[in-house]
Amino acid sequence: MILKNLITTLLHFFVAIIMIIITTSFYSSHYNWVYGLYLYLFVTFIVYNVIPKHHIKGIRNIFLKDYNTAFQNFNDSLDYFNKYHIIDKYGFIFLLNMSDYTFRECALTNQAYILLKQGKKEEAIDLYKKALELNSKNKIAILGIRNLN
């Protein structure tokens, strides 16, 4: 975990430096680094908001208490990251994601949460078990199963 966070932090740093170097090669002023940081912020915004868009919509719908739509959003997220599992597995590189969990694990645990809100305890336990199949150290799934048994 520490190594993964270190790699992600270094990648953030190097991406920012590369963006600053790119902009300084195009613009010659004292504020080149500002343009580079804007470019870095733009790139990270795209990476964080475009690739996991279904996941983000699901989280927003949970906050809006629109659980049926959120559940479908997480299904869409699962489909996307099952199709592109390399992006999910190495999200700390491709998505600059410092989370302990992959998007697939998070989608499953979020769906389990939704099912619990709807009173579907057994189905929620099944989803927590699926999350544990992806990562046996997923604390959310472990605690979810422990609390439901």
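Select H55, which counts as buried at 5% relative accessibility (buried means under 20% relative accessible area, exposed over 50%, and partly exposed in between, with a 1.4 Å probe and protein chains only). What you have open is a predicted model, in which local features need pLDDT of at least 70 and side-chain atom pairs count only at pLDDT 80 or more, while totals for chains, interfaces and linings use all residues. Residues are numbered from 1 along each chain as its sequence is written, and side-chain values use heavy atoms, with hydrogens and water left out.

H55 sits in helix α3, residues 53-63, where helices are DSSP runs of H or I with at least four residues, strands are runs of E with at least two, and both are numbered from the N terminus. Now show the partners of H55: leaving aside its neighbours within four places in sequence, H55 is in contact with F74, S77, F103, C106, A107 and N110 (contact means heavy atoms within 4.5 Å).

Next, zoom out to the whole protein, which has nine helices and zero strands. Its radius of gyration, taken over C-alpha atoms, is 19 Å, well over the 15 Å that the globule rule gives for 149 residues, so the protein is more spread out than a compact globule; the rule is 2.2 Å times the number of residues to the power 0.38. Along the principal axes, the C-alpha atoms fill a box of roughly 65 × 30 × 25 Å.

Then select helix α8 (residues 121-134) together with helix α9 (residues 139-148), which pack at an angle of about 150 degrees with their axes 9 Å apart. That angle makes α8 roughly antiparallel to α9, a label given to angles over 145 degrees, whereas those under 35 are roughly parallel, 65 to 115 roughly perpendicular and the rest oblique. Axes here are lines fitted to C-alpha atoms over the stretch in contact, and angles run from 0 to 180 degrees between N-to-C directions.

To see where these helices touch, display K121, A124, I125, Y128, K129, A131 and L132 in α8, which meet I140, A141, I142, G144, I145 and L148 in α9.

Finally, stop at I125 in helix α8, which is buried, with a relative accessible area of 6%. Leaving aside neighbours within four places in sequence, I125 is in contact with I145, L148 and N149.
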